[in-house]
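Please look at the sequence and the model before reading on.

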Amino acid sequence: MKLSGRKAIVTGAAQGIGNAIARKLYSEGCTLALLDINGPGAKKAAAEFDGCFGIRCDVSSVPDVSNAVKESVERLGGLDILVNNAGILDSSPIAEVTEALWDRIMAVNLKSVFFMVQQSLPFLKKSGHGRVVNISSVSGRMGGFEAGLGYSASKGGIITLTMGFARQLAPYGITVNAVCPGTTETAILKEFTPETVEKLCNLIPLHRLGKPEDVADAVSFLASDDASFITGLLMDVNGGMYMG
Ligand SMILES: NC(=O)c1ccc[n+]([C@@H]2O[C@H](COP(=O)([O-])OP(=O)(O)OC[C@H]3O[C@@H](n4cnc5c(N)ncnc54)[C@H](O)[C@@H]3O)[C@@H](O)[C@H]2O)c1
């Protein structure tokens with residue numbers, strides 16, 4: 001087990017990629033706080049893992065983030081790993097994007113990452129081997145195949161935050177990396193028609209959709225001591241969909 005005794009927070013962990021990340025980190029020896037806007041879902045997911053717990057947290061709300069981080073650290077007894085995974089997908093055409101929609105996407109996908117790191121920082125500094133892994137997207141790397149521009153820009157912003165945090169937190173021994181998934185089989189794909197999903201799958205040289213576990217394996221590696229000299233990396237997990 002590569003993460004024995006490590007304490008982790010995973011956001012958006014009630015289902016999908018976040019849930020697979022929580023499962024993988026648990027299997028490697030972590031104790032976890034599972035945060036999600038779906039509180040009952042987070043608690044139900046956490047009940048599968050001994051010693052872990054779920055907390056309702058809307059990551060777009062700074063008070064929610066602050067309270068959830070404090071409660072997590074108190075109950076875990078510290079913090080070594082933060083995985084910023086919670087996100088929402090939108091594929092609205094340019095003309096249909098309202099100000100409210102734009103603000104919501106930025107708040108959930110991007111603002112959340114900044115404030116989750118800010119609030120976690122005092123505890124990650126104490127860890128001695130702090131790790132932050134942010135879930136961006138292939139859309140953040142190249143502007144989006146079918147995703148809307150708000151979504152793509154929010155995921156591009158995560159890449160910028162990843163590199164900036166990596167530089168600024170290196171003196172504390174904290175590494176900050178991003179995983180950029182391609183089209184991955186989760187409920188988020190209901191934003192697309194089946195025809196669009198098929199079109200996206202045809203863009204993948206390995207010719208299958210990603211699985212949540214593909215992303216979880218990458219996160220687990222970046223959170224481990226094997227990746228202790230890797231920081232500011234954008235790790236594409238996309239079957240070759242985009243090679244940058
Ligand atoms: N599935 C894909 O094709 C794909 C591709 C690239 C990137 N991603 C990214 O992976 C991450 C996980 O997505 P997924 O595919 O598992 O989707 P999902 O919809 O299955 O899961 C997202 C989770 O985030 C939670 N969430 C949503 N808004 C929240 C909020 N305000 N506060 C707290 N939790 C919130 C949801 O309740 C849900 O449990 C997202 O950031 C997404 O952008 C997914």
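## Conventions

A helix crossing is left-handed if the near helix is turned anticlockwise from the far one by less than a right angle, and right-handed if clockwise. Helices (H or I, at least four residues) are DSSP runs, numbered from the N terminus.

The model is predicted: local features need pLDDT of at least 70, side-chain atom pairs count only at pLDDT 80 or more, and totals for chains, interfaces and linings use all residues. Residue numbers start from 1 along each chain as its sequence is written.

## H4 and H6

H4 passes helix H6 (residues 149-169) in a right-handed crossing. Their axes (lines fitted to C-alpha atoms over the stretch in contact) come within 9 Å and cross at roughly 15°, the angle running from 0 to 180 degrees between N-to-C directions. H4 is therefore roughly parallel to H6 (an angle under 35 degrees).

Residues in contact (C-beta atoms, placed from the backbone, within 7 Å) include Trp102, Ile105 and Phe114 of H4 and Tyr151, Ile158 and Phe165 of H6.

## H3 and H4

Helix H3 (residues 62-76) and helix H4 (residues 99-127) have axes that come within 9 Å and cross at roughly 35°. This crossing of H3 past H4 is right-handed too. H3 contributes Val62, Val65, Ser66, Val69 and Val73 to the contact, and among the H4 residues are Phe115, Met116 and Phe123.

Terms used:
Helix = DSSP H or I, 4+ residues; strand = E, 2+ residues; numbered from the N terminus. Contact = placed C-beta atoms within 7 Å. Parallel < 35°, antiparallel > 145°, perpendicular 65-115°, else oblique.
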